[in-house]
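Open your viewer and keep the selection tool ready.

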Amino acid sequence: MTKKEEKVIEMDEKGDFEPKILGFLCNWCSYAGADLAGVSRYQYPPNVQCIRVMCSSRVDPMWILKALTDGADGVLIAGCHPGDCHYVEGNYRTRRRIAALKKILENYGLSDRVFLEWVSASEGKKFAEVITKVTNAIKELGPNPYKKRWEI
Amino acid sequence: MGSYKINKGDIQRLLENLLKRGLVEGILVQSKGEKDIFTTLITDPGLINTTAPLAPLFSSNSAKYLRNNGFKNIAVFVKPCEARAINELIKLNQIRSDNILVISADCHGTIDPKDGAISEPLTKAKRKELEGKGISLRKACTVCEHFTPPEVDISIMTIGIDEGYILVTDNDEPLEGLDLEKGEVPKGRDAEIEKMLKERSENKEKMVSEIRRKLSSVGSLTEVLKNCIRCDNCREMCPICYCKECYFETPLGDLKTDEMLYQAVIKGALRVPPDILFYHLTRNMHVASSCVECGACEEACPRDLPLLALWKAIAGDVQALFKYASGMKGDEPLPLAGFKESELEEVK
């Protein structure tokens, strides 16, 4: 990535902070929810870059840590509602993992940058709301301090 | 099943008996060398008289050396923190539980083997004597809240007992042929434990609140980890960190120069060795729910990072979240290996 490109992503024309958020969406619910949001033409901020995973429990907490230490402003994990997992119990495990991860990150002042949300395939509107909510929350927090901190 | 009155010699007799009867093929226990005391694996019953099972020394967590034990029966005489690590590793399927006999005794605290070779438990009088010589307990022991044995095969009580020790077991088979006298746990023991616990908990609170203050902002976090050289000693000496292939030894985690250059382009510059924060965060995530807070990582650190305090804060948080105490019970499921349908609804 060149320096110029990076600048475009960080700031909009007015020079306001535009966060870069990583989204892990479960194939069966949240990704379909995102699809529905698109088909239904709901507007939401373009700051979340989505990665489709087969289940929210496929998300290794290390991926989240890697993203945060490498400078992602936020990470969103979205899956089926508890009880609705395509693999029966995957999202219950996700919930425990993310709970533990957030507990650890609390000590490092990074826990507010990790979001866990349940979005079903029929909740296109909710998906748009979630993305808006997450983006606004990160805008309020400001850029990830590790984005430019190279000494750690 | 029951509790028995024993003395120092009986512990050695018990170990000798295990070997002589062929119940176990070896015993992992501390032994006296010419000048120092260290952990050994003893197979010859004739060498039992060199053992010092209650020696208050800790050089590394010996649970680490039991990972991937085979099919031979062994007995281990370990401290409570080591016994807890063994329990955790059994749950993590790293130790076979059917052929290991775990014996553990109350721990009054340990000292670094560098400071001397003592074979008696550090009772109050003994500790005073050591303090006079300028020798203090290991840092991990001053903040330890689990100094009595967890769920093990045979536990030996030394705290709050005036004469000799009390041995408690659920299975009398290993004791056969020893003719031990039945004994009761004295009533004063609980009060003694309470007293020790209070002192240790206060120390722990102090340590944890101090590290939390340091961690609260990004700048100060850098301060805590700034001296790390990524030697991976903390990982090597951790009894729980068991992955056969660590991420940080794969091509993704162990960056070559060109890959480091690529990373450097993104941030403008890159500290070498890279990924210090990522490394510690990853270890936090992998170990927190099973950490037994033995302090082996901090002692292995050549750069004196406050790892013990860091783990006290982080493992304490995670284990409190799941109401779990690592290694205390043999059959409690691991927090991250199970779930409940209605819980943690506040996580967002």
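Is B:Cys301 buried or exposed? Select B:Cys301: this residue is buried, at 13% relative accessible area. Buried means under 20%, exposed over 50%, partly exposed in between, with a 1.4 Å probe and protein chains only.

A note on the model. It is predicted: local features need pLDDT of at least 70, side-chain atom pairs count only at pLDDT 80 or more, and totals for chains, interfaces and linings use all residues. Residues are numbered from 1 along each chain as its sequence is written, chains are lettered from A and ligands numbered from 1 in the order written, and side-chain values use heavy atoms, without hydrogens and water.

Stay on B:Cys301. The closest cysteine sulfur belongs to B:Cys231, and at 6.1 Å this is too far for a bond.

Now colour chain A by secondary structure. Helices (H or I, at least four residues) and strands (E, at least two) are DSSP runs, numbered from the N terminus. Of the 152 residues in chain A, 53% are buried.

Next, select A:Cys29 and A:Cys80. Their sulfur atoms lie 2.4 Å apart and form a disulfide, defined as a pair of cysteine sulfur atoms within 2.5 Å. A:Cys29 sits in the loop between strand E1 (21–26) and helix H2 (30–39), A:Cys80 in the loop between strand E3 (74–79) and helix H4 (90–108), 51 residues apart. The link is right-handed, with 100° about the S-S bond. Both A:Cys29 and A:Cys80 are buried.
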